[in-house]
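Here are my notes for when you open the model.

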Amino acid sequence: MPKKELETANRPDNTAFTQQRLPAWQPILSAGIVIPGFVLIGLAFIGIGVALFLTSRNITVLEMDYTGVETTSDCYKCSAGTLPNCVCNLYFTLNETFPGTVYFYYGLSNYFQSYRKFGASRDDNQLSGDTYYFTSPLAVCTPYQYDVNNNPIVPCGISANSMFNDTFNLYQLVNGSKTVPLDGRGIAWWSDYNIKFRNPTSDPLRNAFNGTVKPPFWSKPVFELDLTDKSNNGFLNQDFLVWMRRAALPNFRKLYRRITGPDYASGLPPGNYTIEIAYNYPVMSFNGRKKVVLSNVSWMGGKNDFLGVAYLVVGSLCIVMSMVMLIVYAKFKFPDDV
Amino acid sequence: AFLVVTASWADNWQRAAMPCPSPLTLLRDSLRGQREHEKDLRILVSNLPYEGLPKTKQPNRYFPGNAVKTTKYSLWFFIPMNLYEQFHRFANLYFVGLAVLNFVPAVEAFQPEVAIVPICVMLALTALKDGWEDCRRFRSDRRINHTSCRVYSRKVSGFVERHWKDVRVGDLVEVASNEIIPADLLLLHTSDLNGVCHIETASLDGETNLKRRLVVPGLNTQDSSFEPQNFHCTVAVEKPNDNLNQFKGYIETSDMKRLGFGIDSLLPRGCTVRNTDLATGFVVYTGHETKSMMNKNGPQYKRSKLECKMNIDVLFCVILLFSMCLIGALGHYVWLESLPSVPLFLTPGSHGHMDSNPLSGLYMFFTMIILLQIFIPISLYVSIEMVKMGQIFFITNDVDLYEEKTDSRVQCRALNIPEDLGNIHYVFSDKTGTLTENKMVFRRCSVTGTEYSHNENGKSGKCKFPDRKLLQRVLAGGGDWDGCGGIRRCEATDLYLDFFLALTVCNTVVVSTATTARAQRQRVWHQSTSEIDISAQRCYVAESPDEAALVHAAKVYGFMLIARTPNSVKVRLPHGVELNYQVLDTLNFDPHRKRMSVVLRHPISGEIVMYTKGADYTVMDKLIWACLNTAQKNVAASTQRHLNWYAKEGLHTLCFAKKVLSESAYKNWSLLRQEALAAIDNREELLMETAVNLEKQLTLLGATGIEDRLQECVPDTVMALREAGVRLWVLTGDKAETAINIAHASRLLDQEDLVIHMNTDDKAVCKSILDRSLEEGRRHTRPGYPGLSIGLVIDGHTLDMALQSDLVDRFLELARLCRSVLCCRVTPLQKSTVVKVVRERLKVMTLAVGDGANDVNMIQAADVGIGISGQEGMQAVMASDFSISCFKHMKKLLLVHGHWCNSRLSNMAIYFFYKNVTYVNLLFWYQFFCGFSGTSMIDIWLLIFFNLFFTSTPPIMFGVMDRDVSAETLLGLPELYRTGHESEGYSHFTFWIAMLDAFYQSLVCFFIPYLTYQGTDIDIYTFGSSMNTVSLFNILLHLAIEIKSWTLVHWVTMLGSVALYFTVTLVYSATCISCNPPSDPYWTTQQQMSEPIFYLVCVITTVVALLPRFTYRVLSNTLAPTPLIRARHLERLDPAIREQWIKEWRGFRGGPQGGRSYQKQTQEQEPSRITPTLSITNNHLGTPTRSAVRHHHNVEL
């Protein structure tokens, strides 16, 4: 039969694919079909919404502004930035126990870590401990690449230079003042601490930094950031790591410490407290605000009513929609609608 | 001269021994080559004396070789040339411009090296596609160039095998029967004694009839055996040109005699030699200078309507983009102004101080353009091309559009307008060969006033069976003819003999013995099978199918055409006598006389007879009315009656007559004829004059009616197209009667239709007809009053007047009211004018379909041209965008593939705009939270991948494979095609709706995560990664709402995209520790995915973003379902219920266009409105039970 084959050589393959007859599921969106969907989604969303809302309600947050714009504030004296080593106090009272592990955050507003050149101005090679870049930092760090004497700046760049340098101490005012121990370990991302950021391998650490200078805004070089804990120095300093992870939005908070001391492990008991603030960081130049935030956390993170409310609203909307669909369905149904 | 040549040859030989030529010589040679090219006349000599010499000594070295190269690129320069080509596209330039802009430090938004990746990928993909296409061309070139042919060689004193590419100008090439000619040859010698060579030029001009070519006149090569070695003439030819019918030059022989030749002596490259054993030719043009190559033009580029609309929307996108960038620039300026002093987080420029705020704002404008560049969908153009390739794959692979008889599929010659098929308003169709088969069947004849109906032929569709009565009559007379070789005995029989002789000889049919497969197939399918006997190898090749039909008809009665040479024709008579008539002259057919004649000398009696055949009136007018007796007058009258009847039945009519010439009369005329032939000025006119002189005082023999049957399923297809809201115009060269008949048979016109005839020579009359018809037409098509549907029949003259600028508007308005329009007796030029006028004035999509060379103009003028590869060669197909093998394929091509392509592509294009806008806007909203500094919160690689890989396959698959309604339903409910005309397709409205939706969705996708993470310690890339994921779900699920049918492919691509996204993102953020500063994606996705809130955000964002669209779809599907949705519901029903629904639907949607039921009502309600001339006729659809009432409403003046 070769002749026959020859004559139909051009015949297209008669397969389901080429003839566009593949078995297909062809749903038609219509009122009848979507009613159960809307009801299900609505109920589920309302359930999730209630859970989220309750969880969020149970989270306690204490936010205190200490910028010192108001003259009544103790920090008013420091806000002008004229006094060196200015220290101010922030008093607060707890009427009931602040439950759970309390997280101590500092917060900044109107601060743009997300500014493009802010993010670009850093040298990841330095930060991963490559000493070659200690002597010649990347050009993106300009103008914090070399100082006026042409010494390389380590860590270079504006990100590092602008590191937040207020420090806090918390005291409970019972029978004088009792220090509430603040735990600064493990506040940075595990991956940053263990993989991304590396100190140069030299002992003592400072030797690696010979011939370099500290960023101009800093008071101490990077290898002396924490004088109490030798391992918390260099690029692996937790506060440095936290700062270097850029905040997405201009109003942000960053974890400063956790309150895990033996007396406070299950929360802060009621009473009067004071926070002693070493006020160094200037924010008036950009109409910024500084604050201290105390918060406990849940499975959903910090306090956030929005998500719970949103779920509730959308869930209810879906229920309403299902009602509407029911009416529509009753009036305009197709014979094949289930 | 021979000595001279030898001498020069020896001279050359000596020089050849010299070392390699100096560069100076080469330069001089190339300059001379240039001059040689530009000369008006080329002087060529044979290469033979120079055989074996180096190239620099060859006399014809300045001419290009015979190798052809149709590739666009060469291997080495592919990249630069392809880039040059691609940069002709504005979109590519735009993106390259942006990528370059990114290298300017002041405005950069990304790392410049990364930012060029997308454009490079796009360019590379396109280059790959171009390269592949070019590679295919290269292969086909190589195959052609390596075909072998025989070239004469001096060394072996004979012809040797060579590749085509090695043939040079000046070579002598031999071609045998059925071989393809390798280059343009000047015919020097053939095996035929008369120096004739037949060629088939189908590949050149598509004509399948054999053409006769003659050895250069005066060249005495035929008498003795031709020796190529002794060919020492100089050949002068004109510069190569692309005119297939023009070629001139002369041969200067050794005795300085000049012999002129013309196109009659040229064997063009690519044609096939037939019926001639051997032919030898001198190569005059090679390679790209040959006629066939100069006539090859590349694929035509048509821009589809959808793409035009889309380009406007791209412009809107550009405007939107610029305004967004302006907002960004202003925002940056305002933000900088609002800062009291320089904060710690602001960086001074490299020069140590801050730029001034306005300057920063200006820089930011450009940064924003770079950042938001994909607002203009970069991948849209490439994706559309890929989608169209997929769509065309499916069209060409449709088994329903495959024609077994010819083993041909539908071909898409224009690759970029498949979606236009779904949007056609007007179809312009040829009649013969398009609506009809163009296979002529001898259906009726009338001899000496007696009518013989060949019912058998009518039933079988073949000229197979003789009419019994006529056969008896013929055989009865036959005995007499045998004895004396056809000399007259009694007048009546003589007329029968003459009638059949006229049928047999009065034509230009060539008897061919072709044996190629194509010819065989043709014979099997087209011709009768009666040739199995002695004439098994005999095949009649006719210029028109009518002629073949007549010759075959005569053969059935025993009159067989055996051979035809220029000067004689050999005929076998019923009882086996073979007569060899001498052909004294042939007066060819021309469109003015509309008849042809052959002057013969009887071999035995020596009598000179002229047989004439022609259109009825052109022959009837030339009868010798004056000397007719009553009987003869009766014969003429009844023949005329028969002719009218034939025409009404839709048959092609021809009239036959004869004239006996006296020797002296012929001699006198012959002298005049010679003079006319020799004349230089108005030769054509003189020739016509002599023909007219001879063709008078004829004796009527009879008439024939040839049926051109409708193609299969034509009425069905026409009905379907009409229901689909497509207006059908038939443009034909035929008579109005024939056209109307075919129109009725093919249901272009219904019996109840009001038919307006326009046929006038007076413009004023034409105007008044138009006015009156318009009035009438408006009355019948008033909204709310479903009246009659109107058909318009207009003839060529009147059409000319109607298309003049002052009447054209009226004409078009009338035509718009008409359901179908028939234009009769129109020329090819008029056809294209009509198409152009309708297309430009009414601003509608037009489609022209035709099969012959006369349709080429029309096909090219229309938005979509369809060629039918049929009986009339390939010219229409060559000019068309799509080629099909029969008219019925139009139905599926338009209703199914057109609809699908249109809806798929428009949905996909809209979706692409939506997708890019939704995604890019996320970046834009983020600018409000980063000081308008051009920060991207999504890692640049992920940003690029998102568009390039994660979300590109599903929409492409959607564009190729989505199926809203099944093919069966689309064919069953042609009304659905109208949705393409209306809102369902791509329109600016749907574009803006999609844009609004995109803005809404991007707002949701940005602000729900924003509100959730507001005030927390979330970092940039975690924030961005959550948005990226949310967008992915949002964008894919949006597509899921739009997808109408989910096949396995859909599931795989959708789920595959999600899987790919997560795999790539997870791997990327686990490995990119600081691979891409300043972005910092390390471990963000992992971190994110370990938090439950991320999932909660994903779920609610997707639901909120898609809720409006989803609800809108649901409600509109239920409350106001579009026809398409209704059709999809129907598909799910039981067949029985479906029937009922379809009926109901038709009743609902019918209107004046659709249903017959309305017309019946009309008749009952308003009987006084129409004043029909009632006549009971059988309707033409062949349903004998029903006889329709026919309203004949002729506005004929």
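Predicted model: local features only at pLDDT ≥ 70, side-chain atom pairs only at ≥ 80, totals over all residues.

**Notes on the two chains**

1. In chain A, an open sheet is built from 4 strands in the order β1-β10-β4-β7, with antiparallel pairing. The strands β1 (61–65) and β7 (252–259) of chain A are at its edges with a single partner strand each, so one side of each has no neighbour in the sheet. On average, neighbouring strands of this sheet are turned by 20° against each other, direction ignored. Strands here are DSSP runs of E of at least two residues, and helices are runs of H or I of at least four, all numbered from the N terminus. Two strands pair if DSSP finds at least two bridges between them.

2. Residues are numbered from 1 along each chain as its sequence is written, chains are lettered from A and ligands numbered from 1 in the order in which they are written, and side-chain values use heavy atoms, with hydrogens and water left out.

3. Back in that sheet, strand β4 (residues 102–109) and strand β10 (residues 289–295) of chain A are joined in the antiparallel sense by 7 bridges. Across this pairing, A:Leu108 is opposite A:Lys290 in β10(A).

4. Chain A also has an open sheet of 4 strands in the order β2-β9-β5-β6, again with antiparallel pairing. Its edge strands, β2 (86–94) and β6 (178–180) of chain A, each pair on one side only. You will find A:Val87 opposite A:Ala278 in β9(A).

5. What does UniProt say about chain A? Its unreviewed entry gives the annotation "transmembrane region" to residues 28–54 and 309–330 of chain A. In the model, residues 28–54 of chain A are 89% helix and 0% strand, with end C-alpha atoms 38 Å apart. Residues 309–330 of chain A are 100% helix and 0% strand, and their end C-alpha atoms lie 32 Å apart. Please keep in mind that UniProt positions follow the numbering used here, feature names are shortened, and annotations may be inferred rather than shown by experiment.

6. Over all chains, the structure holds 87 aromatic pairs. In another, A:Phe235 and A:Phe240 are tilted, with 6.3 Å centre to centre and 35° between the planes. To count as a pair, rings of Phe, Tyr or Trp (its six-membered ring) need centres within 6.5 Å; planes under 30 degrees apart are stacked, over 60 edge-to-face, and the rest tilted.

7. Buried means under 20% relative accessible area, exposed over 50%, and partly exposed in between (1.4 Å probe, protein chains only).

8. Two arginines of chain A are worth a look. The charged end of A:Arg245 sits over the ring of A:Trp189, 3.6 Å from its centre, and that of A:Arg257 sits over the ring of A:Tyr256, 4.2 Å from its centre. The criterion is NZ of Lys or CZ of Arg within 6 Å of the ring centre and within 35 degrees of the ring normal.

9. For chain B, UniProt (unreviewed entry) lists B:Asp430, B:Thr432, B:Asp851 and B:Asp855 under "binding site". They span 426 residues in sequence, yet no two of their C-alpha atoms are more than 10.6 Å apart, so they gather at one spot. B:Asp430 lies in strand β15 (residues 426–430) of chain B and is buried, with a relative accessible area of 4%. Beyond its neighbours within four places in sequence, the contacts of B:Asp430 (heavy atoms within 4.5 Å) include B:Lys831, B:Asp851 and B:Asp855.

10. In strand β24 (residues 608–614) of chain B, 7 of the 7 residues are buried. B:Ile608, B:Met610, B:Thr612 and B:Gly614 point one way, and B:Val609, B:Tyr611 and B:Lys613 the other. Strand β23 (residues 595–601) of chain B pairs with β24(B) in the antiparallel sense over 7 bridges, and the two form a hairpin with 6 residues between them.

Definitions and conventions
Axes fitted to C-alpha atoms, helices over the stretch in contact; angles between N-to-C directions.
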